[in-house]
Amino acid sequence: MKYLVRIIVSLVVLELCNLIAGFVSNGSDAILPFTEFNAPPIYYDVDALYGVTRPKSTEQMVNYPWGGVVYKMNAQGFRDDEFTEKGILLTGNSFVEGFGVKREDRFSEVLEKQLNIPINNAGSGGVWTAIQSAVLIKDQLKAQGKQYYKSVIVLTPGEVVNIDTRSPENDKHRNYPYRKGNEIAFHKAKHASFSGSLSTTAKIKRLFKSTLVSKIFSTFKYYGTAKVKTKEVDFDKNELDWYIEQIIKEDYDQEIAIVVINNLGRIKVNGIHSYSYNTSKVSIDVIDFPDDLNNYFVSNGHLNSKGNKVLADMFYKVLKEK
């Protein structure tokens, strides 16, 4: 019995140390898993334009295998301050959002300091696609009438390859824009996979994920899943042509920049460097991310703070030339 008591006491002490470490790392935000116990899900599926987004104007502690990261969302559901038209609009998937890293460690914040220009980060996780980025640009520049210094769409290898693969036939339970013929349509799910509230069981799981025991378990569970061998994939030129045509036909007052990060996640798109489209409305740049696995979290293949710094340096060279 005394050994059981010792084990329980030891676990309590370790959890207290975990909470203290959280205060050192995140200040008073360390208690968000407790104070925001009834907060909405980290993903919403209710936006009538973008599909899956984060809950707007919320603050949550998102727990990954390596620890907790605070997500503060602006009024449009993106992990940033309110957007300023004096800056650059940057949109893309979870690599742009900065999955798993503190906001100050994201490449957009590092780039902001390098360029001395505000970077409006409109990146989003939750199976974000290239088509959603195009819809976001249209919404920001036309529907909302914003006038940013530059507007940049970031495409990862998976997005380049899968521009036309998502449809109501293969993904029925989410809301999202998709290609329908030669136009962009919006799929409204009859029974969405995301809701605006959590069940009691889900709330308890969210709270448990903030504990040290859960972090240790998750670290071992996910360890070793980062890609080691580079995967080479082909892309359909016609699909990328169609994508660019959707941007051109909006006739924006400014050039829209597309930056393809090839070899990200060790996925290399064959022939992407030789791709071109003759237009003054859209610029296309391809950068090759280095193979160094130290740039990634071992647990999920997203970029760690070191990888974000590398990406910022690469983006600096591209944007400095524009």
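**Entry 1: S167**

In which loop is S167 found? I looked it up and found S167 in the loop between α6 and β8 (176–180). I am working with a predicted model, and I keep that in mind throughout. I then listed its contacts, leaving aside neighbours within four places in sequence. S167 is in contact with Y176 and Y178.

**Entry 2: helix α5**

I turned to helix α5, residues 130–143. Does the distance between its ends agree with the expected span, or disagree? At 1.5 Å a residue, the 14 residues should span 20 Å. I find the end C-alpha atoms 19 Å apart, which agrees.

How many of the residues of α5 are buried? Eleven of the 14 are, so α5 is largely enclosed by the rest of the structure.

**Entry 3: the nonpolar cores**

Which residues of the largest nonpolar core touch the most other members? The core has 33 residues, and I listed I153, L155, L240, Y243, I247, I258 and I272. The elements that give two or more residues to this core are α5, β7 (150–155), α9 (237–248) and β11 (256–262). The largest share, seven residues, comes from α5.

Not counting residues up to four places away in sequence, Y243 touches A130, I131, S133, A134, I153, L155, I163 and I258. Another core, of 26 residues, lies apart from the largest one. I noted L90, I119, Y296 and L319 among its members.

**Entry 4: helix α4**

Which residues of helix α4 (residues 107–115) are buried? I found F107, S108, E109, V110, L111 and L115. These buried residues pack against β5 (88–92), α3, β6 (119–123) and α10 (305–320). Just after α4, N116 takes a positive phi of about 60°.

**Entry 5: the second largest pocket**

How much space lies in the second largest pocket? I wrote down about 640 Å³. Of the 36 residues that line this pocket, N93, F95, T156, G158 and E159 are the closest to its centre. The elements that give two or more residues to the lining are α3 (94–97), α6 (157–161) and β10 (231–233). With four residues, α6 gives the most. I sorted the lining by kind: 15 nonpolar, 16 polar and five charged.

**Entry 6: the cavity**

How many cavities of 30 Å³ or more does the structure hold? I count one. About 40 Å³ of space lies in the largest cavity. Its lining is L32, P33, E36, Q60, M61 and R206. Both α2 (32–35) and β3 (59–64) supply at least two residues of that lining. Three of the lining residues are nonpolar, one is polar and two are charged.

Most residues other than glycine have a negative phi. S57 has a positive phi of about 55° although it is not a glycine. S57 is found in the loop between β2 (51–53) and β3. With a relative accessible area of 52%, S57 is exposed.

N263 has a phi near 70°, again a positive value in a residue other than glycine. Its loop runs between β11 and β12 (267–269). N263 is buried, with a relative accessible area of 4%.

**Entry 7: K203**

Where is K203 found? I placed K203 in helix α7 (residues 200–208). K203 is buried, with a relative accessible area of 18%. Not counting residues up to four places away in sequence, K203 touches F37, N38 and L198. I also checked K203 against D164: they are 39 residues apart in sequence and 36 Å apart in space, C-alpha to C-alpha.

Technical notes
Residues are numbered from 1 along each chain as its sequence is written. This is a predicted model: local features need pLDDT of at least 70, side-chain atom pairs count only at pLDDT 80 or more; totals for chains, interfaces and linings use all residues. Side-chain values use heavy atoms; hydrogens and water are left out. The expected span of a helix is 1.5 Å times one less than its number of residues. Buried means under 20% relative accessible area, exposed over 50%, partly exposed in between (1.4 Å probe, protein chains only). On a 1 Å grid over the protein atoms alone, a cavity is a set of points where a 1.4 Å probe fits but cannot get out, and a pocket is an open set with protein on both sides within 12 Å along at least five of seven lines; lining residues have an atom within 4 Å of a point. Grid points are joined across faces, edges and corners, and a volume is the space filled by probe spheres set on the points. Ala, Val, Leu, Ile, Met, Phe, Trp, Tyr, Cys and Pro count as nonpolar, Asp, Glu, Lys and Arg as charged, and the others, Gly among them, as polar. A nonpolar core is a set of buried Ala, Val, Leu, Ile, Met, Phe, Trp, Tyr and Cys residues joined through side-chain atoms within 4.5 Å. Contact means heavy atoms within 4.5 Å.
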